[in-house]
Amino acid sequence: MISMILRRAASSSLSVFVLVTLVFFMAHLTPGGPAYSILGQKATLASVAQVNARLGLDQPLLKQYGIWWWHLAHGQLGYSYLLNRPVGALLWSYERNTLVFYSAAITLSTALAILLGLAQGVWFGRWPARLIGAFQLGFYAAPPFFVAAMLVLWFAVQLGWLPASGITDLRSAHPGLGAYAAHLVLPVTTVTLLTVSPLSRYFGEAVHEELGKDYVRTARAKGVGFLRILFAHVLRNALRPLVTMLGLSFPYIFTGGVIVESVFNYPGLGWLMWRSALAQDYPVLIAIVLIIGLLTVIGNLLADLVNGLLDPRASYE
Amino acid sequence: MNRPRGSLAAGLALGGLILALGLVAPFLYPADPYALHPAQALQAPSLAFPLGTDELGRDNLALVLAGGLATLVVALPAAALAFAAGLAYGLLAGLAPPWADKILMRLLDVVLALPSLIVLLFFAALVPLNNTSLILLLGLISWPGLARLVRNETRAQRGRDFIFAAEQAGAGRLYLARAHLLRVIAPVLVVNGTFMVGDAIFALSALSFLGLGVQPPQVSWGSLLETALNIIALDPWWLILPPGLLVFGSLLAASLTGQGLLRRWGEAR
């Protein structure tokens, strides 16, 4: 088990290294450059050269690449060109928002997926399961921008119950947590609706499969109650695909979705990545890519670990 | 899965309807999508404008139809390109000797991990965005999934006796691929090709929604949604529902058709 995890970690670190390198060179080879984002599109060549010299962008590319790793080794991610702030602190201020947003959404959709999946497995083939199936099919195909737009249209514009975008109420001097929570409702609902469908689909299938197995029949025959079988045995065995899918979605908890965050003007990491990519703010962009890469690796490893705990046989596959 | 019966028929019908709306209807509906009627800006649906007008007073029905055409003429060739690239790469890796297969798969892992947004931004800065470059860009980022699938299928099939027999009889790799493998994995290819059409429509709409897809003055379903969202406070439901439902319908049609085919062939096997 441990050797497998070490091996996987080593090969995935290599992938992350290649990924960061590729993105570094792709970003730096893109025409234009951050000087134009700072000075505007009509900047003179002389002022552009001056900014490039100040940012170290006039150095050979390989040297810049070396400097980037050298700084990383000293725990520094550099400064944002555009906002003139240390990347670490900048990322953290956006990361916090994404973390709150997505942990709420993923927690909700996991709970909902377990409920829906159990219902689907128990009533397989009958109308409650068909109803859930139709819901899953619909939201599986629903594009996020459409779901988000419809929610805003109904609950923010037509009914006026909830704020449509941002995270604070600009009209009040001390918006407080209540305003933040209100601003979270629509984005969290959007992501929950969109993620519950794939999560519950696989889980429901697994529950149905487990319920047909011999150990369930044996347990029933010796008089174990149905609910006890369901929660003590079936749930545990059926959780494996759900855990794998959650592990795969782990990076999203930190990076968020560019589209959902941009619809709601939600200042999270996805939104920051989109903006820094557009403005060619390389230090921010590459730091985010590094984080995504690392989180993908960690998410995969966590899923393997938890699955190994749920079913020790899995680790020998 | 306990999908409702007849989902294949529903998927094909919905898909056909959307293709007709996007590829044929723009030539039948006479109104000019780019003609401005400032006096009638932002009007709800009426007899004169069946789907209302946008904030510039353009006929929304004409815009939605033109947007469908613009979306489909990019998304369909892009899906075809991604399909061909994925199939070729997958077959290559699947038929290659193990060491080459390992390298090709490692490469694929990196390509799969590249944030597609950054790849797109990179190329969008290098080349001007038009239909041709968008087809190439979308094709470029959407092939790795199919490549992995084809490679795995090919590897799995290669262990089977009839392939071994053909190899022993001296069949070359190209002959093997053409005469045996393609036939065996055809169902997988058709099902995933269907999904890829839906994925391409979604990817292009998402890109256009972010401003990197079909460029103005041309409109697409994604860009129509984006402009409608900018004035959402004015409650323009007639500008949001049609393009949104059409993207949704395209994805649903692809999903239903693919799943339907999967079920039909799964039962036949």
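A residue counts as buried if 20 or more other C-beta atoms lie within 10 Å of its own, as exposed if 12 or fewer do, and as partly exposed in between, with C-beta atoms placed from the backbone.

## Basis of the model

This is a predicted model, in which local features need pLDDT of at least 70 and side-chain atom pairs count only at pLDDT 80 or more, while totals for chains, interfaces and linings use all residues. Residues are numbered from 1 along each chain as its sequence is written, and chains are lettered from A and ligands numbered from 1 in the order in which they are written.

## Ala35 of chain A

Ala35(A) is buried, because 22 other C-beta atoms lie within 10 Å. Its place is in helix H2 (residues 34-39) of chain A; helices (H or I, at least four residues) and strands (E, at least two) are DSSP runs, numbered from the N terminus.

Two residues are in contact if their C-beta atoms, placed from the backbone, lie within 7 Å. Neighbours within four places in sequence aside, Ala35(A) is in contact with Ala43(A), Val48(A), Val51(A) and Asn52(A). Gly178(A) is 143 residues from Ala35(A) along the chain, and their C-alpha atoms are separated by 40 Å.

## Chain B

Chain B has 11 helices and 0 strands. Its C-alpha trace spans about 75 × 45 × 30 Å along the principal axes. Of its 269 residues, 43% count as buried. Among contacts in chain B between residues at least 6 apart in sequence, 71% join residues at least 24 apart.

In helix H3(B), 26 of the 36 residues are buried, so the helix is mostly covered.

## Where the chains meet

The contact takes 33 residues from chain B and 39 residues from chain A. On the side of chain B that touches chain A, H11(B) gives the most, with 8 residues. This side divides into 26 nonpolar, 4 polar and 3 charged residues. Here Ala, Val, Leu, Ile, Met, Phe, Trp, Tyr, Cys and Pro count as nonpolar, Asp, Glu, Lys and Arg as charged, and the others, Gly among them, as polar.

## The nonpolar core

A nonpolar core is a set of buried Ala, Val, Leu, Ile, Met, Phe, Trp, Tyr and Cys residues joined through C-beta atoms within 7 Å. The largest one has 144 residues, and those touching the most other members include Ile288(A), Ala200(B) and Leu225(B). Helix H3 (residues 60-95) of chain B gives the largest share of this core, 19 residues.
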